[in-house]
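Have the coordinates open while you read.

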Amino acid sequence: MNKFMAMLNKNENKHPPPTKLLDLAGQLCQELHSFSPGLQKLVEAVMGCKNKSYFLTNIHVVRACVSVHIHNGQHDAACSILEYCKAEEKEELVQLWHEVHYRRAMETHQREFLTPLQKFRSRKRNPPPISLCPEGLKTRNYSEGVRQQLQRFAAEVTANPNKKQREGLARDMNLQPTQVYNWFANYRRRQKS
């Protein structure tokens, strides 16, 4: 840690900072345990330097900064780091984004954990920014053709197919039987309302 701080002070005005310094920051972030005073000190040093954007290309540094900010209750600062960092591990960044919002919801509602439904609602209310999902969010919706087939079956045959019918539909549309079961359950629920 002392070696890192000395190198950071020595190279503070170099653009870009030496690769060795960036690698050392990532290595230290991996080694230090979450919420340790050393990690807190490291994050403060990185976030306070002029070259912080270079450090935020390393996923380990990003993860450490986000965890320290979450621990300190600075959810907006954690989101800002995720939104503007240049790390390439987009899936992990999206997971961190959701984790920030889960923690915020847990603190707001004074809960130890969130149910799957509460997590789902949190993800819907707080979608990740375009910078984390340049290709857009992945949806679990079925293609238009699959939906039309299922709707046609519901309208012409039955909205409550038996197990054999569901298995046949699943085979025809390359789905799992539970997916077909859930689609029809949701379809019937939508029809009632």
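Does R166 count as buried or exposed? R166 counts as buried, at 17% relative accessibility, where buried means under 20% relative accessible area, exposed over 50% and partly exposed in between, with a 1.4 Å probe and protein chains only. Before going further, some ground rules: this is a predicted model, local features need pLDDT of at least 70, side-chain atom pairs count only at pLDDT 80 or more, and totals for chains, interfaces and linings use all residues. Residues are numbered from 1 along each chain as its sequence is written, and side-chain values use heavy atoms, with hydrogens and water left out.

**Around helix 10**

R166 lies in helix 10; helices here are DSSP runs (H or I, at least four residues), as are strands (E, at least two), numbered from the N terminus. Leaving aside neighbours within four places in sequence, R166 is in contact (heavy atoms within 4.5 Å) with P161, V180 and Y181. I130, on the other hand, sits 36 residues from R166 in sequence and 38 Å from R166 in space, C-alpha to C-alpha.

Helix 10 covers residues 163-173, and its buried residues are R166, G168, L169, A170 and M173. Those buried residues pack against helix 9 (144-156) and helix 11 (177-192). At the start of helix 10, a side-chain oxygen of N162 comes to within 3.1 Å of the backbone nitrogen of K164. After helix 10 comes N174, with a positive phi.

This stretch also carries a label: the unreviewed UniProt entry annotates residues 142-193 as "domain: Homeobox". UniProt positions are given in the numbering used here, feature names are shortened, and annotations may be inferred rather than shown by experiment. Over residues 142-193 the chain is 77% helix and 0% strand, with the end C-alpha atoms 21 Å apart.

**Two positive phi values**

Most residues other than glycine have a negative phi. Q110 has a positive phi of about 50° although it is not a glycine, and it is found in the loop between helix 7 and helix 8 (116-125). N174, not a glycine either, has a positive phi of about 60° and lies in the loop between helix 10 and helix 11. How do their accessibilities look? Q110 is exposed, with a relative accessible area of 75%, and N174 counts as exposed at 72%.

**Helix 5 and its partners**

Helix 5 (residues 59-71) packs with helix 3 (residues 37-48) at an angle of about 110°, and the axes are 10 Å apart. Axes are lines fitted to C-alpha atoms, for helices over the stretch in contact, and angles run from 0 to 180 degrees between N-to-C directions. So helix 3 is roughly perpendicular to helix 5 (angles of 65 to 115 degrees count as roughly perpendicular, under 35 as roughly parallel, over 145 as roughly antiparallel and the rest as oblique). L39, Q40, V43, V46 and M47 of helix 3 make the contact with V61, A64, C65, S67, V68 and H69 of helix 5. These residues divide into 8 nonpolar, 3 polar and no charged; Ala, Val, Leu, Ile, Met, Phe, Trp, Tyr, Cys and Pro count as nonpolar, Asp, Glu, Lys and Arg as charged, and the others, Gly among them, as polar.

With helix 7 (residues 90-109), the axis of helix 5 comes within 11 Å and crosses at roughly 5°. That makes helix 5 roughly parallel to helix 7. Here the contact is made by I59, V62, R63, V66 and I70 of helix 5 and E92, L93, L96, V100, R103 and E107 of helix 7. By class, that is 7 nonpolar, no polar and 4 charged residues.

The contacts below leave out residues up to four places away in sequence.

| Residue | Relative accessible area | Contacts |
|---|---|---|
| N126 | 24%, partly exposed | W97, H98 and H101 |

C29 is in helix 2 (residues 19-31). N58 sits in the loop between helix 4 (52-55) and helix 5, while N126 is in the loop between helix 8 and helix 9. N126 and H101 are 25 residues apart in sequence and 7.2 Å apart in space, C-alpha to C-alpha. For C29 and R121, the separations are 92 residues and 31 Å, again C-alpha to C-alpha.

Notes
Polar contact = N/O pair within 3.5 Å; in protein donor to acceptor, adjacent residues only side chain to side chain.
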